[in-house]
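Hello,

Please have a look at it first.

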Amino acid sequence: MTTADIQATGNLLQFYHSDLTYIRNFQRYKQGQISADDFVKKSAGTFYQFLIEYRVTRNFQAGKSASILQLTTEWINGSTPNDVDGFANLLNKKKLTHDMTMTSLGSKILFLNNPWTILPMDNLARKALGQKNNLYSTYLTNLDIFKKSNNHTIKNNLEIIDPFLMTIESEFKKEIRDIKTIRQNRFVDKLLWTLGQVKQKK
């Protein structure tokens, strides 16, 4: 394992339970098990807390969590629920934000709905992939290339910490399908973040 591998696996183990909690609770919200009012409360595992932990709230106007959740719900129930670029454009048009670069924020929010396909995109991840533009469609292409090129590394690193991951996942397996794909995606996300940091320091 390289230093980057060790750091990425450490970050995965630290935040994996929290990530799965947010994913599970969003699925519960979609199924009507959690009300919209409860989901934007200031408590652990809620949509509101997710926006804070993923550093999304600071880019939105104060008190807009409920509005963001409503927009998200309408979007994922539409015809293109995985279109991050389109969702980012919608957020811009609604003028709920403080800046005009919403692709990263849109990817973080839609990640909750489809963690099997969507990985959050930020500047460090784009830097790790050598991506210049801010389009999520480009990011998906680059991600696919990265996964294929680093398949052996990803597989080996996850095998090393498999017992720990299985312990964490045991709480969620009954409610979250195909958890192994999420496991891989979360590791790739942490690895890109780590590699992006390395490139930023050079």
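This is a predicted model: local features need pLDDT of at least 70, side-chain atom pairs count only at pLDDT 80 or more; totals for chains, interfaces and linings use all residues.

Residues are numbered from 1 along each chain as its sequence is written, and side-chain values use heavy atoms, with hydrogens and water left out.

Helices here are DSSP runs of H or I with at least four residues, numbered from the N terminus. Leaving aside residues up to four places away in sequence, I176 touches L20, I23, R24, W116 and I182; contact means heavy atoms within 4.5 Å.

One side of a helix. In helix α9 (residues 151-160), the buried residues are I154, N157 and L158. They sit on the same side of α9, because their arc around the axis is only 95°, taken from the directions from the helix axis to the C-beta atoms. Their cover includes α1, α8 (136-149), α10 (162-169) and α11 (179-201). Buried means under 20% relative accessible area, exposed over 50%, and partly exposed in between (1.4 Å probe, protein chains only).

Charged pairs. There are nine salt bridges, each a side-chain nitrogen of Lys or Arg within 4 Å of a carboxyl oxygen of Asp or Glu. Which residues does R183 pair with? One is D162, at 2.7 Å from N to O; this pair links distant parts of the chain, with R183 in helix α11 and D162 in helix α10, 21 residues apart. The other is E169, with the closest N and O atoms 2.9 Å apart. E169 lies in helix α10 and R183 in helix α11, so this pair ties together parts that are 14 residues apart in sequence. Both E169 and R183 are buried, whereas D162 is partly exposed at 23%.

Within helix α8, D144 and K148 lie four residues apart, about one turn of the helix, and their side chains meet in a salt bridge of 3.3 Å, N to O. K148 counts as exposed at 62%. Finally, D19, R186, D189 and K190 are linked in a network of salt bridges.

Enjoy exploring!

Technical notes. Helices (H or I, at least four residues) and strands (E, at least two) are DSSP runs, numbered from the N terminus.
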